[in-house]
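Please look through the sequence and the model below before reading on.

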Amino acid sequence: MTSTVAIDFETVIGLEVHVQLMTKSKMFCGCSTEYSGAEPNTHVCPVCMGMPGVLPVINERAIEYISMTGLALNCEIAGFSKFDRKNYPYPDLMKGYQISQYDLPICQNGWLDIQVPGEEPRRIGITRVHMEEDTARLLHRVDASTGEGYSLIDVNRSGTPLMEIVSEPDMRTPAEAREYLVRLRQILRYIGVSDANMEEGNFRCDANVSLRPFGADAFGTKVEVKNMNSFRAVHDALVFEQARQAEVLRSGGTIPQETRGWVDERSVTVSQRSKEEAHDYRYFPEPDLPPLRLSRDWVARVGAKLPELPAKRKERLLALGLSEDEAVTLTESRERAEYYDATHAALGDTPRAAKLAANWVLSEALRWSNVNAKDLDALPIGPGQLAELILMVEGKAITSQVAKDVFEAMAASGKGAQEIVDEQGLGAISGADELTGIVRRVIASNEKAVADYRAGKEASLKFLLGQVMRETKGRATPQVAQELIATELAE
Ligand SMILES: [Zn+2]
């Protein structure tokens with residue numbers, strides 16, 4: 001056995017994800033969260049502006065969304081939790097503190113299963129899911145005449161409900177971290193608590209990364225990496241950080257505990273500040289809010305709102321006889337998965353129906369989805385209509401070649417399959433009387449192919465069939481046409 005320098009260290013990664021919740025109003029006031037594109041400072045009130053003397057009121061829907069998330073991530077939901085003030089001075093923090101949760105979060109001790117393609121499945125621990133509120137936005141400007149910098153503040157975002165999801169340091173590679181984020185985002189979208197769009201900033205990720213010698217139990221000093229605005233950026237920042245730390249450690253140096261920022265244009269992390277300890281924030285219980293008591297009944301009611309989650313759905317599709325790839329692709333989003341299920345149901349509860357529905361959703365429907373950059377809930381062809389089209393092909397009322405055009409026409413017009421077939425005269429031609437004339441014409445005008453076929457070249461039959469299909473604009477039933485060609489040529 002040889003070992004190389006490259007595998008001296010094991011990488012340890014934990015992720016903290018901040019998610020904006022899709023509630024209609026803010027966390028502690030009635031201001032609307034629909035401020036995207038709005039004039040600055042128009043979705044504000046004394047509460048989210050941090051005026052003295054006003055009192056926060058908890059947004060029940062936000063607590064419900066956090067609990068749903070906890071349940072989807074296999075967490076325990078606390079019957080008793082409380083809110084705490086996290087104090088730090090920064091101009092985007094209107095009150096001078098953030099209402100958060102410190103020692104008693106709503107959700108704890110969960111897990112999320114991930115699998116990097118081609119590798120073993122791994123279970124990543126979820127330490128906690130807790131409630132927070134978002135800050136205002138600072139816009140940094142430079143005065144053109146004096147060259148002096150100044151900042152503007154937009155308070156619209158202040159007080160927007162945030163949820164923080166903290167993982168255990170269970171990931172070992174940048175690819176695992178990326179996969180964790182993909183699966184986490186998928187679940188949040190499935191349960192409908194957030195758009196979870198990283199580019200738009202409603203799904204933000206900070207990473208804690210450290211190295212330790214292989215086989216060691218103790219963790220190395222961790223570095224927190226921020227400013228990553230895409231899954232790719234998270235992956236690349238972790239790759240960079242693992243190489244940087246390894247180099248420092250190999251040359252006998254030590255890693256200071258610090259916060260580093262990812263600079264996308266240069267593909268490097270740079271030191272921002274030494275990392276705060278929890279005591280720097282002087283957490284103390286929020287005196288303006290009572291502790292949160294969630295009854296088991298309430299938690300059960302929230303749990304009943306959860307849809308079938310992606311992992312379960314995938315298992316169910318595999319049991320129907322679909323392949324791993326098919327099941328993964330069909331369950332990518334809840335909209336897609338539900339479209340598939342409804343199409344399958346409309347075709348009947350048979351293994352053949354499961355496969356037929358999969359073939360059509362994975363080809364024509366997904367092509368439409370990709371071209372239009374919309375999910376299948378927006379497809380003008382409902383699952384029942386797609387099933388009707390599929391059954392017409394199965395019943396040989398139309399050929400599969402024509403069916404693709406009918407699908408396009410349905411998507412463009414919203415009309416049903418039968419209506420389009422009737423209007424455009426697209427029904428299959430399977431009668432020998434109707435086809436024989438066309439077959440004879442094709443044979444007469446393709447002497448070379450006919451000679452080749454007679455000389456034993458079987459492939460020429462396919463060529464002639466192709467000509468018949470072209471003549472009939474794909475409407476000839478291929479089996480019938482092929483038999484007719486063979487019969488004619490045998491004479
Ligand atoms: Zn407000």
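Two strands are said to pair if DSSP finds at least two bridges between them, and helices (H or I, at least four residues) and strands (E, at least two) are themselves DSSP runs, numbered from the N terminus. The model is predicted, and local features need pLDDT of at least 70, side-chain atom pairs count only at pLDDT 80 or more, and totals for chains, interfaces and linings use all residues. Residues are numbered from 1 along each chain as its sequence is written.

With these conventions, Lys86 has Gln98 in E5 as its bridge partner. Strand E4 (residues 84–87) and E5 are paired in the antiparallel sense over four bridges, and they belong to an open sheet of three strands, ordered E5-E4-E15, in which the pairing is antiparallel. Strand E5 (97–100) and strand E15 (284–285) are the edge strands of this sheet, each pairing on one side only.

At the level of the whole protein chain, the domain assignment gives domain 1 (5–301), domain 2 (308–424) and domain 3 (432–490), with bounds that come from an automatic or database domain assignment. The centres of domain 1 and domain 3, taken over C-alpha atoms, are separated by 66 Å.

Two packed helices are described by the angle between their axes and the distance between the axes. Here the axes are lines fitted to C-alpha atoms, for helices over the stretch in contact, and angles run from 0 to 180 degrees between N-to-C directions. Helix H9 (residues 383–394) and helix H10 (residues 400–413) have axes that come within 10 Å and cross at roughly 160 degrees. H9 and H10 are therefore roughly antiparallel to each other, since angles under 35 degrees count as roughly parallel, over 145 as roughly antiparallel, 65 to 115 as roughly perpendicular and the rest as oblique. Their contact (C-beta atoms, placed from the backbone, within 7 Å) is made by Gln385, Leu389 and Val393 of H9 together with Ser400, Ala403, Val406, Phe407 and Met410 of H10.

How do helix H14 (residues 459–471) and helix H15 (residues 478–490) pack, at what angle and how far apart are their axes? Helices H14 and H15 pack at an angle of about 125 degrees, with their axes 10 Å apart, which makes H14 oblique to H15. On the H14 side the contact is made by Leu461, Leu464, Leu465, Val468 and Met469, and on the H15 side by Pro478, Ala481, Gln482, Ile485 and Ala486.

Key:
Contact = placed C-beta atoms within 7 Å.
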